[in-house]
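Please examine the sequence and the structure shown here. The paragraphs that follow lead the reader through them step by step.

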There are 2 protein chains.
Amino acid sequence: MTTPNGVVESVVNVGTDLLADAVAEQAVPVTRVDWRPPMEHTEADLAIVAADPLRRSANERALDAMLKVTATLVDVVPASEALDLQPGQFLHAGPPITWDRASGPLRGALMGGAALEGLVDDPEKAAALFEAGTSVSLEPCHHRSAVGPMAGVVTPSMWMFVLEDPATGRRTYCSLNEGLGKVLRYGAYAPDVLHRLRWLGNVLGPLLQTAVRRVRDESGPVDVTGILTQMLQMGDEAHNRNRAGTLMLLRDLSPAMVTAGIDAGFSRSDVAESLRFIGGNDHFFLNLAMPACKLALDAARGVEGSTMVVAMARNGTDFGIQVAGTGDEWFTGPAQLADGLFLGEYGPDDANPDIGDSAITETAGIGGFAMATAPAIVRFVGGSVPDALATTRRMHEITLGENPRWSVPVLEFQGVPSGIDVTKVCRTGILPQINTGMAGRIAGVGQVGAGLVTPPAEIFPEALARLAQLTRSRA
Amino acid sequence: MTTPNGVVESVVNVGTDLLADAVAEQAVPVTRVDWRPPMEHTEADLAIVAADPLRRSANERALDAMLKVTATLVDVVPASEALDLQPGQFLHAGPPITWDRASGPLRGALMGGAALEGLVDDPEKAAALFEAGTSVSLEPCHHRSAVGPMAGVVTPSMWMFVLEDPATGRRTYCSLNEGLGKVLRYGAYAPDVLHRLRWLGNVLGPLLQTAVRRVRDESGPVDVTGILTQMLQMGDEAHNRNRAGTLMLLRDLSPAMVTAGIDAGFSRSDVAESLRFIGGNDHFFLNLAMPACKLALDAARGVEGSTMVVAMARNGTDFGIQVAGTGDEWFTGPAQLADGLFLGEYGPDDANPDIGDSAITETAGIGGFAMATAPAIVRFVGGSVPDALATTRRMHEITLGENPRWSVPVLEFQGVPSGIDVTKVCRTGILPQINTGMAGRIAGVGQVGAGLVTPPAEIFPEALARLAQLTRSRA
């Protein structure tokens, strides 16, 4: 531009206020609605469920029950103790599945888990054990008040975080996070994977138990829900970004890891190595975010007439949901392939379909539902910053409400979209957006990427049909 | 709304894509320019400086010199050793000032500092010492390669972070952060303030020295510039929010605090207390962000013909700037009162004018210049989220370029606006935006709030006049 006094300057990029204006406008209620056709063949069931006199108040109660739960970290104990898991019993992510239908990463994690438990001396020999099925059994984590990321395999010797809702004493559980890359939950079972798991069992688990108990007894348990509140203002969406959450956990536990840990006989190098392990693993907090979400959602289970989703989970073959008004029934369809970014030389052909209980975060309104608060996530899962902002806004169209505790600063502190409503999904055709890691489809490979995925559409009409059937049976 | 099948639902808030559209549009170069009149009586000087044949390349060199500096944490040592500070020598924030013109918080910090050094047994008795001025002397931190937040008082016994640019070996220095509220840098000097400073000197400083040296020697020094890169993606703007930065520092130092610290004879309770102190003080990292910014900006000092600002600093009475093309000369005007939010019962009448070297962060393109990346900051300093986004965009109008290392995810990873140009400030009348803490105006009070402030406008035409004079003298 040329100013009146003849100073020539490069043109200043203005456009300055577009974003600000847009945000400001969004603070004003907007009533424009994009009409979308409902999912095929759902009209009759939608009409029945909509007319259910229980529905509105049931959904209010389900949402309220979920939103009022707080999760605290009260203990760390082996699964044998926490869940009464016996030798030969294996938990896994997602809805129920048998070995013959299990995907590569789930098989790999089960084989590694069998070796970890000493059932075989080599993971490769474990396949026969699972094929025979006489001395081993599989059960979803969700059936034992637990959640597991990716393959989600839990064996009796694995140490579990114990989360508790102080108002009710209800508890949920999750294993300790192993880090990224070649790890059991992504289906890897090489010797270094098992070596790390043994260190988790021999050092990190017991040290965390000592520290968590000291903190709990001296100043009250770590407030996991409170850390989630903070991390959502620090660029984490708590599914694929857990960096700030992990650092806050470290902040809260590190003093007691030093004092109680060394009191209990841990060496200072054990303590330092544990601090370094947690601090070097940006996903460590995921294994607290997940059971915190399950603890909240479990409060909404079994609310008759409610159309709210209380779990979304994948076993690598099937994607399943559970709904507040339909008890513990699973509605399942084929797990989808994620669209995203790949590590190193891996590409789409290397990826297994969607796997893991971690979609419990989206079910509770964070993860993919809170992408707007974590725009840097697009460098990890793909997509653009505008997509990330639009995704959170779109998820408000299929949810019952907002979580005032978990707010998104850039959306003027609007609460995250919370309580997926089966009827809204069927009516709009908008599917829940999930941020996820991608496991290699072949047992033993480990992580190959991260990306975005949705559930198979048909499971929502399935759930709706069952809700309609229950509505009719009450009429 | 009513769907075709008669389902009545509450109206869905859409407006969904406004923000996303706005962000997407901003990725396209926009050429609209708001014309603003230049500052009064600057036309002639602007024309002279614009015609300076040195200017363009000088500014390119100054900006480039600043952007290529990286800051690493190489040591922690007392000021007596780091800066050769002698008994009776006091450093302070901002441009040079004498006791008779010093504001309440600066006086309070000097009085507390005198007691800390044993020059008086009661801070109240120190005023006479400074009035006499025979055994004590005052000097700006900036004159000793240092920076100090708020009053910025440094005495010989205080421990200093030592930052180094590995490419050149140049170093800058800053004291350890004391926390918030009643602390010396806000002008408080009560016994608990001095007690905490003694603990910093006796425990935290020496322990950090041990840990910083161990980390430096074993795996290379902590990468302060790298932490700044990360924290700007985690809701910190690195002036009034340093939460993620503090946690990353803790992550990087805590293992060595345990191993090297206990090896060196610190008790485990000293280590735990130090971890707790750092983790409990969200501003701890500010005292690393500031010298990292100074280290970068000092690389641009003395570039003949450059109109880039290399320091903005306040002593509580005067606001001063230094410019690359005018050597170490200060251009000063009266420090302004911030507009913001107050702690407890405090109000505007309790606040001292703007104080501290911390505006070095804005000078380097973060702090108020990076508010868009830290929208939650508005809950601390006031204003709205749209204001925060607009501020960062506006600062691009008065800066020479962007810092590709420090990007703002929500602005599609645009680099922060970097290198304040005196001519652009004069030509547009847009003043640099600073996020700041507010000190009580009476010595001894401490912090009363936090808010937004700008420099006094007249210092930019003052600097411009000197630049024009130098340009003429070269012609």
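In chain A, the C-alpha centres of domain 1 and domain 2 lie 24 Å apart. The domain assignment, automatic or from a database, gives domain 1 as 35–68 + 300–474 and domain 2 as 72–290. The model is predicted, so local features need pLDDT of at least 70 and side-chain atom pairs count only at pLDDT 80 or more, whereas totals for chains, interfaces and linings use all residues. Residues are numbered from 1 along each chain, chains are lettered from A, and side-chain values use heavy atoms, without hydrogens and water.

The contact (heavy atoms within 4.5 Å) takes 53 residues from domain 1 of chain A and 43 residues from domain 2 of chain A. The area buried between these domains, that is, the accessible area (1.4 Å probe) lost on putting them together, summed over both, is about 3500 Å², and carbon and sulfur atoms give 61% of this area. A:N315, A:W330 and A:D357 supply 17% of the area that domain 1 of chain A buries against domain 2 of chain A, more than any other three residues.

Across this interface the rule finds one salt bridge, defined as a side-chain nitrogen of Lys or Arg within 4 Å of a carboxyl oxygen of Asp or Glu.

Helix α5 of chain A (residues 104–116) has 13 residues; helices are DSSP runs (H or I) of at least four residues, numbered from the N terminus. After α5(A) comes A:G118, whose phi is positive, near 80°.

How values were computed. Helices (H or I, at least four residues) and strands (E, at least two) are DSSP runs, numbered from the N terminus. The expected span of a helix is 1.5 Å times one less than its number of residues. Buried area is the accessible area (1.4 Å probe) that two parts lose on being put together, summed over both.
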